[in-house]
Amino acid sequence: MEVSPVYRQSDGSEQDRPAHPQVFLTGEAQKSDHLRAGPFVDFPVSVVLPAGGTGERTGLQTPKQFCPFLGRPLISYTIESFERVSWIQTIMVVVAKENIGFMMDIVQQFQHNKVRVVPGGSTRHRSICNGVMALGEEVVREQEKPAASSRPKVVIIHDAVRPFVDEDFLHKIAVAAKKQGAAGAIRPLVSTVIATTSEGYLDHSLERAKYRASEMPQGFRYDVIYQAYQRCTESDLEFGTECLHLALQYSGINAKLIDGPPTLWKVTYKRDLAAAESIIKETLSKTACLITGGLEAGVTLANVLQKAFVALDV
């Protein structure tokens with residue numbers, strides 16, 4: 001299978017990110033070593049972030065993952081949720097070919113140093129497949145260097161338009177995926193699901209208590225999801241949407257399902273952008289930071305937060 005080219009930022013080194021869930025800081029505040037906390041894993045983890053959607057349901061000309069609010073595109077907040085996790089190595093962002101240049105500009109502007117950009121496919125599964133295959137290709141390139149990094153043991157797949165995912169839940173997914181082979185977030189169904197006849201009448205309804213909504217993030221051992229995409233059919237790639245099903249059908253892995261927090265919701269409609277903006281404002285206004293170390297680090301962070309509050313009018 002042909003592997004898509006991977007685009008990376010030309011310079012810059014790994015930067016430490018705040019580990020506090022749902023705190024979005026940029027620039028100098030991100031460089032502080034005094035903000036690191038949270039769970040840890042002792043195996044390599046990478047992320048595939050499909051971002052090739054057109055955003056038709058928002059009714060906007062700009063795909064929703066690139067819609068700006070609070071001075072940043074939505075996808076930048078999602079990336080930040082993963083970059084602040086110290087044990088995540090690489091984030092493969094998969095975008096439509098015509099948006100690669102735009103995405104690279106975002107990477108540079110907001111200093112997303114863990115990100116690699118990969119051209120997507122015509123469907124969701126084709127885009128995710130490109131990202132998974134590119135992770136393997138990334139390893140080949142890295143092993144040509146003296147300081148070689150190992151292939152990721154676990155791959156986390158997430159949506160670019162789900163910006164609110166915290167490190168604790170990512171840890172649960174990663175650990176379960178390593179142990180079971182696959183793991184995914186679920187949430188209770190909000191509405192009853194019904195089936196209709198071809199004439200538009202009610203056929204039957206499902207008992208809501210027995211079913212759950214499949215959400216993101218989902219995690220897989222790399223060999224499991226790689227094999228699933230190698231073996232799946234063209235029909236799967238064209239019409240499928242569920243990665244956990246591919247792991248079950250083509251790798252024989254029955255995923256561990258984990259109840260996710262309500263913050264895993266997906267920005268789908270135009271009104272969701274306003275809701276996401278409101279959450280960011282509320283989070284910043286209520287966040288209290290305890291700083292250890294020198295006075296200079298405290299002053300730097302205080303200045304960044306003050307600027308953020310002024311910009312947000314909070």
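What is the mean pLDDT of the protein chain, and what share of its residues reach 70 or more?

## Model and confidence

The mean pLDDT of the protein chain, where pLDDT is the predictor's confidence in each residue from 0 to 100, is 82, and 73% of the residues reach 70 or more. Over residues 12–21 the pLDDT is below 50, and this stretch has 34 contacts (heavy atoms within 4.5 Å) beyond near neighbours in sequence in the model. Residues 31–35 also have a pLDDT below 50, with 12 contacts beyond near neighbours in sequence.

This is a predicted model, in which local features need pLDDT of at least 70 and side-chain atom pairs count only at pLDDT 80 or more, while totals for chains, interfaces and linings use all residues. Residues are numbered from 1 along each chain as its sequence is written, and side-chain values use heavy atoms, with hydrogens and water left out.

## Aromatic rings

Three aromatic pairs are found in a search of the whole structure; rings of Phe, Tyr and Trp (its six-membered ring) pair if their centres lie within 6.5 Å, and planes under 30 degrees apart count as stacked, over 60 as edge-to-face and the rest as tilted. One of the pairs is formed by Phe-164 and Trp-265, which are tilted at 40° between the planes and lie 5.8 Å centre to centre. This pair links distant parts of the chain, 101 residues apart, with Phe-164 in the loop between strand E7 (154–157) and helix H4 (167–180) and Trp-265 in the loop between strand E12 (256–259) and helix H8 (270–286); helices (H or I, at least four residues) and strands (E, at least two) are DSSP runs, numbered from the N terminus.

Phe-164 is buried, with a relative accessible area of 2%, whereas Trp-265 is partly exposed at 24%; buried means under 20% relative accessible area, exposed over 50% and partly exposed in between (1.4 Å probe, protein chains only).

## Helix H4

The buried residues of H4 are Glu-167, Phe-169, Leu-170, Ile-173, Ala-174, Ala-176 and Ala-177. At the start of this helix, a side-chain oxygen of Asp-166 reaches to within 3.1 Å of the backbone nitrogen of Asp-168, and just after H4, Gly-181 takes a positive phi of about 110°.

## His-125 in helix H3

His-125 lies in helix H3 (residues 124–142) and counts as buried, because its relative accessibility is 1%. Leaving aside neighbours within four places in sequence, His-125 is in contact with Tyr-229, Asp-236, Leu-237, Gly-240, Thr-241, Glu-242, Cys-243 and Leu-246.

Definitions and conventions
A polar contact is a pair of N or O atoms within 3.5 Å; within protein, one must be able to donate a hydrogen and the other to accept it, and residues adjacent in sequence count only if both atoms are side-chain atoms.
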